[in-house]
Amino acid sequence: MDQYHSQVHQQVSSELENGDVNYKEGLNSNDIKGGFVNGKTPQNVSSSIIRKKSDPMLVSSNVRFEMLGYFLTNLQEVILGTKLAVLFPAIPLAIAADYYKFGRSWIFALSLLGLTPLAERVSFLTEQIAYFTGPTVGGLLNATCGNATELIIAILALYQNKIHVLKYSLLGSILSNLLLVLGTSLLCGGLANLKKEQKYDRKQADVNSLLLLLGLLCHMLPLMFRYAIGEGTATAFSTLELSRVSSIIMLIAYVAYIFFQLKTHRQLFDAQEEDDEEEEKAVIGFWSAFTWLAGMTIIIALLSEYVVGTIEAASDSWGISVSFLSIILLPIVGNAAEHAGSVIFAFKNKLDISLGVALGSATQISMFVVPLCVVVAWTMNIHMDLDFSLLETGSLAFTIIITAFTLQDGTSHYMKGLLLFLCYIVIAACFFVHKIPQNQISQGKPFNGLFAA
């Protein structure tokens with residue numbers, strides 16, 4: 001039997017080395033994608049040949065061991081395949097802290113730590129799925145699931161009628177992507193490529209900037225309307241109606257953007273996906289990645305519920321404002337995957353991908369998640385509007401304008417990244433000292449226009 005396997009191995013090796021028509025000449029660029037041959041890795045192809053020529057009884061006797069090995073391989077790639085794996089124990093600790101009624105600030109801290117590796121692993125799993133769906137659809141899926149943490153936190157905050165946490169977390173996600181993620185990417189990319197001129201395609205950045213400006217207009221109109229007309233029940237009702245109409249317009253614009261991205265002008269977004277010959281390949285299968293993704297989404301929902309339910313208690317215990325925890329701390333956790341990936345691509349002088357990650361995520365939050373929450377709240381008879389108050393809307397306006405000016409010439413250097421990063425530090429300091437009286441938050445009373453009546 002050993003001699004037989006040796007002969008088979010030599011035969012397969014000979015076919016691969018000599019350019020057998022089934023393995024080299026018979027393959028075209030469509031058959032090979034991300035290291036796959038008709039959906040299989042070269043290792044899987046050679047193994048299937050050996051099984052066909054082997055004794056069927058020998059193959060069937062090894063099925064259970066193959067399944068166990070397959071599971072262990074997936075476990076190693078998904079759980080241990082990240083440097084953030086050391087934070088996974090925070091997940092059972094958070095569940096135990098909630099079960100045994102530990103301090104609510106401990107539950108908040110442990111849940112936040114547990115969300116960090118989950119957000120990164122969700123990005124990894126969507127990348128694995130992207131090998132089977134194609135680069136454009138995969139990139140869109142990656143941007144969507146990359147914001148899974150923010151979306152789940154928003155839905156749970158809406159369900160618990162914590163509109164202040166909802167608005168703060170969504171605003172913070174936009175600010176984080178545009179200033180922190182993009183800023184550190186341009187800073188690190190500029191420092192790593194001092195002797196190279198960093199360029200990127202302005203076309204995609206212009207489209208995202210226009211969408212962000214449209215979203216900003218929809219945020220500013222309810223605020224300006226309230227200041228122009230004055231406070232009152234009629235004004236609050238009119239502001240709510242205006243916000244709902246604006247949200248529908250924003251969703252229509254986002255659908256048009258998806259059609260623009262996937263159909264009519266796909267080449268603008270496919271250009272950033274072109275890679276070198278050293279393209280990586282998937283390490284787990286499609287359904288395995290999909291199953292892991294579904295399981296991690298459930299865990300993210302559980303931890304997000306802990307975060308939303310304990311954020312006020314953590315604010316009181318630590319003496320830190322709810323606005324700072326929601327706008328600064330939560331988005332840093334939720335954007336961990338985008339942040340790491342964007343910086344890595346900037347180091348490799350692939351700014352088109354870095355910009356696509358940061359701007360794409362910010363655009364999706366602004367033009368899809370925010371108006372979706374308004375519409376969902378409408379169906380739940382919850383009064384949520386687009387009036388994010390003067391301080392929050394002003395921060396958003398300056399962020400979008402500064403980002404648009406930064407990206408207008410199609411070139412980058414570390415100074416641009418440094419300035420964006422410093423802008424984020426200033427905004428973070430502002431919300432660190434910005435505190436709303438806890439009794440007004442808990443009672444849902446208007447404070448500086450934060451809530452709609």
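The model is a predicted one, in which local features need pLDDT of at least 70 and side-chain atom pairs count only at pLDDT 80 or more, while totals for chains, interfaces and linings use all residues. Residues are numbered from 1 along each chain as its sequence is written, and side-chain values use heavy atoms, with hydrogens and water left out. The structure holds five salt bridges and seven aromatic pairs.

**Helix H19**

- Helix H19 covers residues 414-433; helices here are DSSP runs (H or I, at least four residues), numbered from the N terminus, and strands are runs of E with at least two residues.
- With 20 residues, H19 reaches 29 Å from its first C-alpha to its last, close to the 28 Å expected at 1.5 Å a residue; the expected span is 1.5 Å times one less than the number of residues.
- Which residues of H19 are buried? They are Lys-416, Gly-417, Leu-420, Tyr-424, Ile-427, Ala-428 and Phe-431, where buried means under 20% relative accessible area, exposed over 50%, and partly exposed in between (1.4 Å probe, protein chains only).
- Ile-427 lies in H19 and counts as buried, at 13% relative accessibility.
- Although Ile-427 and Phe-324 are 103 residues apart in sequence, their C-alpha atoms are 9.7 Å apart in space.

**A nonpolar surface patch**

- Leu-191, Leu-194, Tyr-414, Met-415, Leu-419, Leu-422 and Ile-425 make up a nonpolar patch on the surface, with about 650 Å² of accessible area together.
- Patches are made of residues with over 30% relative accessible area and no salt bridge; like charges are joined within 9 Å, and nonpolar side chains (Val, Leu, Ile, Met, Phe, Trp, Tyr) within 5 Å.
- Accessible areas come from the Shrake-Rupley method with a 1.4 Å probe, and for residues only the protein chains shown count as cover.
- H19 gives the most to this patch, with five residues.
- Met-415, a patch member, lies in H19 and is partly exposed, with a relative accessible area of 38%.

**Salt bridges**

- A salt bridge is counted when a side-chain nitrogen of Lys or Arg is within 4 Å of a carboxyl oxygen of Asp or Glu.
- Lys-167 pairs with Asp-385 in this way, with the closest N and O atoms 2.8 Å apart.
- That pair links distant parts of the chain, 218 residues apart: Lys-167 is in helix H10 (residues 163-192), and Asp-385 is in the loop between helix H17 (351-379) and helix H18 (390-406).
- Lys-167 and Asp-385 are both buried.
- Lys-416 bridges to Asp-409, and their closest N and O atoms are 2.7 Å apart.
- Here Lys-416 is buried, with a relative accessible area of 13%, whereas Asp-409 is partly exposed at 42%.
- Asp-206 and Arg-202 also meet in a salt bridge, at 3.9 Å from N to O.
- Because Asp-206 and Arg-202 are four residues apart in helix H11 (residues 202-229), about one helical turn separates them.
- Asp-206 is partly exposed at 31% relative accessibility, and Arg-202 is partly exposed at 38%.

**Aromatic pairs**

- Rings of Phe, Tyr and Trp (its six-membered ring) pair if their centres lie within 6.5 Å; planes under 30 degrees apart count as stacked, over 60 as edge-to-face and the rest as tilted.
- Among the seven pairs, Phe-108 and Trp-318 have ring centres 5.6 Å apart and planes at 65°, so this pair is edge-to-face.
- Phe-108 lies in helix H7 (residues 104-133) and Trp-318 in helix H14 (residues 286-318), so the pair ties together parts that are 210 residues apart in sequence.
- Phe-108 is buried at 0% relative accessibility, while Trp-318 is partly exposed at 36%.
- Tyr-99, Tyr-100 and Phe-102 form one aromatic cluster.

**Positive phi angles**

- Most residues other than glycine have a negative phi.
- Asn-161 is not a glycine, yet has a positive phi of about 60°.
- Asn-161 is placed in the loop between helix H9 (148-159) and H10, and counts as exposed at 51% relative accessibility.
- Asn-381 also has a positive phi, near 60°.
- Asn-381 lies in the loop between H17 and H18 and is exposed, at 63% relative accessibility.
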